[in-house]
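Dear colleague,

I am handing over the structure below, together with some notes on what was found in it. Please read the notes with the coordinates open beside you.

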Amino acid sequence: HPQTPNLISSETGQQRERERKSGSPNDISLASLGGGCGYDFVALAALSDYLNGPRISATVYDYEPAWKDIVADVEAVVQDMDVCRDPSYPQRRPHKHTCGFDSCDITSPLTSSGNVTLATAIKSTNVFACSYVVAENAVR
């Protein structure tokens with residue numbers, strides 16, 4: 001069973017760089033339920049960059065399709081900021097963190113047709129972030 005990736009580890013920057021180039025299993029997959037504009041992705045990508053950690057591959061799952069274009073814009077901004085511009089860190093390279101969007105309905109069972117993509121991603125996802133939207137929809 002593969003070990004869950006760790007943002008904080010004893011790996012050297014060179015080891016992480018080799019893993020990034022090879023599409024490492026140490027990349028972290030994030031599913032943000034009710035994640036709207038992608039704020040969970042921004043936070044985890046920033047933390048990973050600060051700690052010289054792994055690449056973040058996120059998907060925002062939300063009921064509102066209007067977030068899709070905003071998520072794409074947020075991904076572009078994160079990728080633009082992804083390059084360490086400090087010359088004292090020459091070993092750092094762009095992570096190329098990624099974030100996509102898919103719809104889901106947290107008020108429906110995981111087996112419902114609207115949640116197929118999320119259900120498929122469960123086994124390959126390392127981190128699930130649940131927004132306050134879960135509490136808002138609990139009474140629905």
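What follows goes from the conventions to the chain, the sheet, the helices and a few single residues.

This is a predicted model, in which local features need pLDDT of at least 70 and side-chain atom pairs count only at pLDDT 80 or more, whereas totals for chains, interfaces and linings use all residues. Residues are numbered from 1 along each chain as its sequence is written, and side-chain values use heavy atoms, with hydrogens and water left out.

The chain as a whole

The protein chain holds 5 helices and 4 strands, where helices (H or I, at least four residues) and strands (E, at least two) are DSSP runs numbered from the N terminus. Along the sequence these elements follow the pattern α-β-α-β-α-β-α-β-α. Of its 140 residues, 38% count as buried, with buried meaning under 20% relative accessible area, exposed over 50%, and partly exposed in between (1.4 Å probe, protein chains only). The protein chain exposes about 8,500 Å², of which carbon and sulfur atoms supply 57%; accessible areas come from the Shrake-Rupley method with a 1.4 Å probe, and for residues only the protein chains shown count as cover. Among the contacts with a separation of 6 or more, 74% come from residues 24 or more positions apart, a contact being heavy atoms within 4.5 Å.

The sheet

The 4 strands form an open sheet with parallel pairing, in the order β3-β2-β1-β4; two strands pair if DSSP finds at least two bridges between them. Because β3 (98-103) and β4 (127-130) stand at the edges with a single partner strand each, one side of each is left without a neighbour in the sheet. On average, and with direction ignored, neighbouring strands are turned by 20° against each other; axes here are lines fitted to C-alpha atoms, for helices over the stretch in contact, and angles run from 0 to 180 degrees between N-to-C directions.

Strand β1 (residues 28-33) runs parallel to β4 and is joined to it by 4 bridges, with S32 standing opposite A129 in β4. Strands β1 and β2 also pair in the parallel sense, over 6 bridges, and there L33 stands opposite Y61 in β2. Strand β2 is largely enclosed by the rest of the structure, because 5 of its 7 residues are buried.

In strand β4, A129 counts as buried at 16% relative accessibility. Leaving aside neighbours within four places in sequence, A129 is in contact with L30, A31, S32, L33 and D40. The C-alpha atoms of A129 and G34 are 8.5 Å apart in space, although 95 residues separate the two in sequence.

Two packed helices are described by the angle between their axes and the distance between the axes. For helix α2 (residues 39-50) and α3, the axes come within 10 Å and cross at roughly 10°, which makes α2 roughly parallel to α3 (angles under 35 degrees count as roughly parallel, over 145 as roughly antiparallel, 65 to 115 as roughly perpendicular and the rest as oblique). At this packing, F41, V42 and A45 in α2 meet V74, E75 and V78 in α3.

Cysteines and one backbone angle

How many disulfides does the count come to? The count is 0, a disulfide being a pair of cysteine sulfur atoms within 2.5 Å. C37 is in no disulfide, and the nearest cysteine sulfur, that of C99, is 9.5 Å away; at 24% relative accessibility, C37 counts as partly exposed. C130 is likewise in no disulfide, with the nearest cysteine sulfur, that of C104, 9.6 Å away. C130 lies in strand β4 and counts as exposed at 53% relative accessibility, while its C-alpha atom is separated by 5.0 Å from that of L33, 97 residues apart along the chain.

Finally, N52 lies in the loop between α2 and β2, and has a positive phi of about 55° although it is not a glycine. At 15% relative accessibility, N52 counts as buried.

With best regards
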